[in-house]
Amino acid sequence: MVAPSHPQRFPARSAMLGEGMEIRRALPTARKRMVGAWCFLDHAGPVQLGPDDGMHVGAHPHIGLQTFTWMIEGEIIHRDSLGVEQTIRPGQVNLMTAGRGVAHTEDSATNGARLHMAQLWIALPDSQRHCEPAFENYPELPQVATGGFLATVLAGTALGQTAPTRIYSPLVGVDLVAEAAAQATLALDPAFEYGLLVLRGEVTVQGEQLGTGELLYFEPGRHELQLQSHGAAQVLLVGGTPFEEDVLLWWNFVARTQEEIAQARADWINDSARFGTVRPGSTAGRLDIPSLDGARLRASR
């Protein structure tokens, strides 16, 4: 039996979104593009926004992916071109399947509130990436206590629990919170690769000390994971079978060819019926799409 390789550490890239809101991008990076079908992972907060500040993202399109929002603190209003208006609250997941094309907006329900969330994308397999768009809100997700951690199963099956979220690839997503010292052994699927991102505090994983904003990556072949915190901490564990299809990720699109991306870009510029009209209510303007001139599109797998 081949011993599991040593885990790899990838620091998230930080950027500011508006006044005082830090965004940490853990996926994709130059050295790690995907974990299973998870192809994008942003972590926002935790932050107390100023009285006039909030998250307001204007209408923008998606193709070929699912947007997956895990709300930890605060409330965000989602509006889309399917006619949906949905407020996501702490402990809930919003899952939008873009398929052939959809557009949406995201706005803080109240300016000046605390905000803490993770936003992920899931690349749809070729058999599903042209499907009709859909949206689902999941207000209740399975939870289980283990070794002082409270685990919420967000996607797939873990710790004997299966999340209701509709996914199209073998995936798992688990949020683990400790309010004091805790230690747990998590069973893993050896067919999966995994990434663990620290959302709050510090933890020790397989002997590796990690702080907020650090992603630890594990290749397939592991059967368990040792997780320890010495105080309050929160981590997000994502995993899945290695995605065997080469995908192109550019702006808000996941595709297979540059021609597909160019067509989606033209459809957005020309206000094509493909993306529809987003339900009104956002205070932010429609997003302009970047130029493809000189763009270097890199395949992810």
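Author: Buried means under 20% relative accessible area, exposed means over 50%, and partly exposed covers the range in between (1.4 Å probe, protein chains only). This is a predicted model, in which local features need pLDDT of at least 70 and side-chain atom pairs count only at pLDDT 80 or more, while totals for chains, interfaces and linings use all residues. Residues are numbered from 1 along each chain as its sequence is written, and side-chain values use heavy atoms, leaving out hydrogens and water.

Reader: Take Ala59: is this residue buried or exposed?

Author: Its relative accessible area is 13%, so Ala59 counts as buried. Over the protein chain, 54% of the 301 residues are classed as buried.

Reader: In which strand is Ala59 found?

Author: Strands (E, at least two residues) and helices (H or I, at least four) are DSSP runs numbered from the N terminus. Ala59 belongs to strand S5, which covers residues 56–62.

Reader: Which residues does Ala59 touch?

Author: A contact needs heavy atoms within 4.5 Å. Leaving aside residues up to four places away in sequence, Ala59 touches His104, Thr105, Trp268, Val278, Gly285, Arg286 and Leu287. Take Thr105 from that list: Ala59 and Thr105 are 46 residues apart in sequence, yet their C-alpha atoms are 4.7 Å apart in space.

Reader: What percentage of the chain's contacts join residues at least 24 apart?

Author: The figure is 73%, taken among contacts in the protein chain between residues at least 6 apart in sequence.

Reader: How many helices and strands does the protein chain have?

Author: The secondary structure of the protein chain comes to 1 helix and 27 strands. Its radius of gyration is 19 Å, close to the 19 Å given by the globule rule for 301 residues, so the chain is as compact as a globular protein of that length. The radius is taken over C-alpha atoms, and the rule is 2.2 Å times the number of residues to the power 0.38. Along the principal axes, the C-alpha atoms of the protein chain fill a box of roughly 55 × 50 × 35 Å.

Reader: What does the accessible surface of the protein chain come to?

Author: The total is about 12800 Å², and carbon and sulfur atoms account for 48% of that surface. Such areas come from the Shrake-Rupley method with a 1.4 Å probe; for residues, only the protein chains shown count as cover.

Reader: Next, the backbone. Which peptide bond has omega of about -5°?

Author: Most peptide bonds are trans, and most residues other than glycine have a negative phi. The bond with omega of about -5° joins Leu27 and Pro28, and this bond is cis. Pro28 sits in the loop between strand S3 (22–27) and strand S4 (38–48). A cis bond also runs from Gly45 to Pro46, with omega near 0°. Pro46 has its place in strand S4.
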